[in-house]
Amino acid sequence: MPRLPQLAAVAATAVAVGVLATAPASGDEPIVSQPRVVAHFDFAAGETPENIAVEPDGSADLTFAFARQVANVTRHGNIRSRVTLPAVANPNTPIVHNAIVLGIARAHDGTLYVNYATGTAATGVWRIAPGGVPRQIAKLPADGLPNGLALDEHRGVLYAADSVRGTVWRVPVTGGRPTAWATATALAPVPSGTGFGANGIKVHGGAVWVSNTDRGTLLRIPVRRDGSAGPVGTRATGLGGIDDFAFTSHHDDTVLATLNSASQVVVVCPDGTHSVVLTQQDGLSNPTSVAVRERTVYVPSASYFATEPDPNLLLARLNRG
């Protein structure tokens, strides 16, 4: 599959970030160590991993954006299952002009939820029950680009970050009409930027956290008691080309975030400072997302802009202080 010129333009306009000193976990020990690429994927077949959810056995559920697939990849790098989202006629997703599968979230019962962006009525949130086929449970605007996806099982809702419309959509896990839960300039793309605003999204510590790629920011939106969105607050800046991210634990606000265009993973401390912990030399090639399970860090790379594409899955060790 040929690379898309629209994506190359995204890379050209992203902000480059220099390598900073590796952040220590305790003493001189780095917070992330022992990186190793465990799987390489087929770029020409559209196997560009965009987002990740981790299974209890440590395997990874990856969305292959341009293959329209969800694939389960073992810790040893073997693909043991695939589910393909249905093709649509004349896809016209904003920016990329293709049908792509993006964010993924996993429920405790093994149900997977994914964002499917097509530029048609098929755009929205889809459910994949264990052993089942994909079913659309909510329609989102065809002129939007639902990117990251987060699940709050306690409230029974999903949150989808729309990169083009600068909106966080809220969708019941049972399906139905979505709600524009949060809209703000802080979530929108920059008019002269790449077109990607709100991108990655997570539920953590009574709030919904969102990255904004164009603005290079990490945002926090409190969830009020009635479920509505509180004011959008900025927790970190200077994160040029930020894509998705993950928290290192349930107990604090330390984040590992991917900087797609720079092929880096950074640790973002609760005070907003950040430093680089993984780079292209470790095997990253336009990383798109991060997952953390116990002491293992998972980083898929889509290799969208590489001269010699190498989409892959990297694992590393998390050394908590």
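1. The mean pLDDT of the chain is 92, and 91% of its residues reach 70 or more, where pLDDT is the predictor's confidence in each residue, on a scale from 0 to 100. Over residues 1-24 the pLDDT falls below 50, although this stretch still has 63 contacts in the model beyond near neighbours in sequence, a contact being heavy atoms within 4.5 Å. Where pLDDT is low, the predicted coordinates should not be read in detail. This is a predicted model, in which local features need pLDDT of at least 70 and side-chain atom pairs count only at pLDDT 80 or more, while totals for chains, interfaces and linings use all residues. Residues are numbered from 1 along each chain as its sequence is written, and side-chain values use heavy atoms, with hydrogens and water left out.

2. The largest nonpolar core has 16 residues, and among its members Y159, V168, W181, L187, I201, V210 and I221 touch the most others; such a core is a set of buried Ala, Val, Leu, Ile, Met, Phe, Trp, Tyr and Cys residues joined through side-chain atoms within 4.5 Å. At least two residues of this core come from each of β13 (157-162), β15 (179-183), β16 (198-204), β17 (207-212) and β18 (217-222), and the largest share, 3 residues, is that of β13. The strands named here are DSSP runs (E, at least two residues), numbered from the N terminus. In soluble globular proteins, nonpolar side chains tend to be buried together. Not counting residues up to four places away in sequence, Y159 touches partners including G148, L149, V168, W169, W181 and I201.

3. W169 is found in strand β14 (residues 167-172) and is buried, because its relative accessible area is 9% and buried means under 20%, exposed over 50% and partly exposed in between (1.4 Å probe, protein chains only). Its C-alpha atom is separated by 8.0 Å from that of L158, which is 11 residues away along the chain. Once neighbours within four places in sequence are left aside, the contacts of W169 include L140, P141, L158, Y159 and W181. The side chain of W169 also makes a polar contact of 3.2 Å with the side chain of D162; a polar contact is a pair of N or O atoms within 3.5 Å, and within protein one must be able to donate a hydrogen and the other to accept it, while residues adjacent in sequence count only if both atoms are side-chain atoms.

4. N147 has its place in strand β12 (residues 146-152), and it counts as buried because its relative accessibility is 3%. A polar contact of 3.0 Å joins its side chain to that of S163. Beyond neighbours within four places in sequence, N147 is in contact with E50, L102, G103, N115, A161, S163, F196, A198 and N199.

5. T194 lies in the loop between β15 and β16, yet it is buried, with a relative accessible area of 14%. Which side chain joins that of T194 in a polar contact of 2.5 Å? The partner is D214, and the side chain of T194 also reaches the backbone nitrogen of F196 at 3.1 Å. T194 and I95 are 99 residues apart in sequence and 8.7 Å apart in space, C-alpha to C-alpha.

6. T258, in strand β21 (residues 255-259), counts as buried at 0% relative accessibility. A polar atom of its side chain lies 3.0 Å from the backbone oxygen of D244. Leaving aside neighbours within four places in sequence, T258 is in contact with residues including G241, D244, Q264, P287 and V299.

7. Two residues deserve a check of their backbone angles. Most residues other than glycine have a negative phi, and most peptide bonds are trans. R68, although not a glycine, has a positive phi of about 60°; it lies in the loop between β5 (60-64) and β6 (69-73) and counts as partly exposed at 21% relative accessibility. E294, also not a glycine, has a positive phi of about 55°; it is found in the loop between β24 (291-293) and β25 (296-301) and is exposed, with a relative accessible area of 57%.

8. A search of the whole structure finds 7 aromatic pairs, where rings of Phe, Tyr and Trp (its six-membered ring) pair if their centres lie within 6.5 Å. Ring pairs link F66, Y304 and F305 into a cluster. K202 lies over the face of F245, at 5.4 Å from the ring centre; a charge sits over a ring if NZ of Lys or CZ of Arg is within 6 Å of the ring centre and within 35 degrees of the ring normal.

Notes
Helix = DSSP H or I, 4+ residues; strand = E, 2+ residues; numbered from the N terminus. Phe/Tyr/Trp six-rings, centres within 6.5 Å; stacked < 30°, edge-to-face > 60°.
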